[in-house]
Amino acid sequence: MIVCSVNKNDALYEVEIKGHSGYETIGKDIVCSSVSSSFILTVNLLEKINSNFNFRSDENIPMMKVTINNYTDIDEKILDNLIECLSDVSNQYPKYLKIK
């Protein structure tokens, strides 16, 4: 199962995903593809707007994490959109993606 953790307060917005969905074998896993694509698309967009963020990933765990300190309104909308996309996937595949 992929676990998505969200930490949001007045000064910090952080989203982290960890794990494998287990829906299908690696390379055929549509849940993993959806989550990874949504996350990378979000990071690329933050980069294009010159947002001040930190991105970490580790294929061995596997995990990806984006952190924004003192986020702007547009940063917030972008990360909110990521959570909405992941929520849609979680609603369709609740055994494979959990958001907390």
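Reply: A residue is called buried under 20% relative accessible area, exposed over 50%, and partly exposed in between (1.4 Å probe, protein chains only). This is a predicted model, in which local features need pLDDT of at least 70 and side-chain atom pairs count only at pLDDT 80 or more, while totals for chains, interfaces and linings use all residues. Residues are numbered from 1 along each chain as its sequence is written, and side-chain values use heavy atoms, with hydrogens and water left out.

Me: How many salt bridges does the structure hold?

Reply: Side chains of opposite charge can pair when their charged atoms come close. A salt bridge is a side-chain nitrogen of Lys or Arg within 4 Å of a carboxyl oxygen of Asp or Glu. There are three in this structure.

Me: Which residues are linked in a network of salt bridges?

Reply: The network links Lys8, Glu76 and Asp80. The closest N and O atoms are 2.8 Å apart for lysine 8 and glutamate 76. Lysine 8 lies in strand β1 (residues 2–8) and glutamate 76 in helix α2 (residues 73–92), so this pair ties together parts 68 residues apart in sequence. Helices (H or I, at least four residues) and strands (E, at least two) are DSSP runs, numbered from the N terminus. For lysine 8 and aspartate 80, the closest N and O atoms are 3.4 Å apart.

Me: Are lysine 8 and glutamate 14 buried or partly exposed?

Reply: Lysine 8 is partly exposed, at 37% relative accessibility. Glutamate 14 is buried, as is lysine 65, and their side chains meet in a salt bridge (3.6 Å, N to O).
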